[in-house]
Amino acid sequence: MKSITCGVVLSGLLITIMGPLQAADAPSKEPATENGLTVGIAEADITPPIGFPMAGYYHERLAEGTIDPLKAKAIVFRDGETAAALVVCDLIGIATDLSKEVRRRASQETGIPEKHIVLAATHSHTAPDYMKELYLYLGKEEQDELRAKYIEQMINVPVALIAKAYSEAKPSELLTGAATQETPVAFNRRFVMKDGSVKTWQRYSNPDVVRAAGPIDPEIGLLSIRDPQNGTTRGVLSNFALHLDTVGGMKWSADYPFFIEQTLREELGAGVVSIFATGCCGDINHSNPSATERNKVDFIGHSLAKSITSELSELKPLEKSNLRVQSEVVSLPLEDATREEVDWSVKILDQAKSGEKVNFYDHVTAHKKLILDQFRHRQPFVKATDHITWGVSHSLAGIGETLPVDVTVMTIGNEVAIVCLPGEVFVELGLAIKHASPFRTTILVELSNTVETIYIPHQAAYAGGSYEVTNSTVLPGSGEMLVGAAVKLLREAATANQSK
């Protein structure tokens, strides 16, 4: 008997939510079916224990409780000998170390090629700051036992979910389309100023603001998975470009996707799995520059859910369901980190840790330069883990002048494309991919497999500067490289479909 354990961590307690898999239920590496697509869906709780570090900001925060659970949700597509898996996690980002380990183990379990497996993050800022703990765990270094157990589950749970979804994949009716978010909940957060500069987080009440520096993407991409036997909805994959930083505080929360999930379950049944994948929203947030108050998390979630549920009856069934998966490694040019810059960065971070007030942009730059120090140099100038908690990496250590990232495209028939990109991608880049895509529904999933790029602006944004440019490890043109790779893969998939 083979056993896979998938755990929930709540208040430091590990609770098994999957029992042993009997031999007959163990993931098969044989094709699921010779005729047609099958789909498997699975989810599990990944809420950390109380006291685990929280992500999202430039100072340590230790969780004091839970508002709503963090989850990992997997969807696996199988079509003959071709298979692909997408796991979306309520995390701030996916460290390359994490994606590599999960993909390696899941591939061993199921036979799905590693390059066909994508681990993505929703970017919740009320999720764990786990990267240093993962680094210590993978390096077999000494660390707090409770934190080590959570990291173990962070790896094991997505692997188990992929195995479960793979083994339980069954014939499904797929319907697709898109809703338009009419109620304003997303706003471009970069603004052109009268002096020609660009500033992030402004309001129109500021007389120096000329206009928003870019657009939003109001489209909510949708893929519904139904049971053809009884017509019930098993899962809904939804996609929208809006930064997740709407809760705040010191308690775990999945942010607005939690309210999308709750509404879908009220409408479609308690068993439906709501898989929300964050679109290209590197320059998009929820703060209305025309208003004095920000939209609250429940308002945003319920508003998006209303748009989704109102469109579900209008979704169109796929005429063809052949699965195609393509992936390309793109080498993005990295910024440098000189000895002088690293020494300056250490001083800034030490000042911040001691409680001294430091310039915010200096703090951001200092953190980034220490990330770059370990990437660019085989012998880093300083030991990163002595100074920073996120951005530390075994797999990217000494990588050199470029950062290798994956662009993965999963297409179903002639109508649906799921494009998976690394980092926090500017909305203009996502819109460029959508406008060039030959597929009716193109779902863009950012923060896939690699977060260490941090922001990925479009080339013109580098001239304007401000926060997102300051907090990017890659050089101008990197975003356009991703667009080029994605569009090439989309065109290849469309061409291959036309030849059949």
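A contact here means heavy atoms within 4.5 Å. The structure is a predicted model, in which local features need pLDDT of at least 70 and side-chain atom pairs count only at pLDDT 80 or more, while totals for chains, interfaces and linings use all residues. Residues are numbered from 1 along each chain as its sequence is written, and side-chain values use heavy atoms, with hydrogens and water left out.

Leaving aside residues up to four places away in sequence, Glu 261 touches Glu 43, Lys 71, Lys 73 and Ser 274. Glu 261 is part of helix H4, residues 257–268. Helices (H or I, at least four residues) and strands (E, at least two) are DSSP runs numbered from the N terminus. Glu 261 counts as buried because its relative accessibility is 3%; buried means under 20% relative accessible area, exposed over 50% and partly exposed in between, with a 1.4 Å probe and protein chains only.

## Helix H5

Helix H5 spans residues 297–312, 16 residues in total. From first C-alpha to last, H5 reaches 23 Å, close to the 22 Å expected at 1.5 Å a residue; the expected span is 1.5 Å times one less than the number of residues.

Buried residues of H5 include Val 297, Ile 300, Leu 304, Ile 308 and Leu 312. Gly 301, Ser 303, Ala 305 and Ser 307 of H5 are buried too. The cover over these buried residues includes strands S9 (173–180), S14 (219–226) and S15 (233–240), together with H4.

## Cysteines

A disulfide is a pair of cysteine sulfur atoms within 2.5 Å, and by this rule the count is zero. The closest cysteine sulfur to that of Cys 281 belongs to Cys 280, and at 7.7 Å it is too far for a bond. For Cys 420, also in no disulfide, the nearest cysteine sulfur is that of Cys 280, 11 Å away.

Cys 281 counts as buried at 1% relative accessibility, and Cys 420 counts as buried at 2%.

## The second largest pocket

A pocket is an open set of points on a 1 Å grid over the protein atoms alone, where a 1.4 Å probe fits, with protein on both sides within 12 Å along at least five of seven lines; lining residues have an atom within 4 Å of a point. The second largest pocket holds about 210 Å³ of space, the volume being that filled by probe spheres set on the points.

Its lining has 15 residues, with Thr 96, Lys 100, Arg 103, Pro 404 and Asp 406 nearest the centre. Helix H1 (96–110) and strand S21 (402–412) each supply at least two lining residues, and H1 gives the largest share, four.
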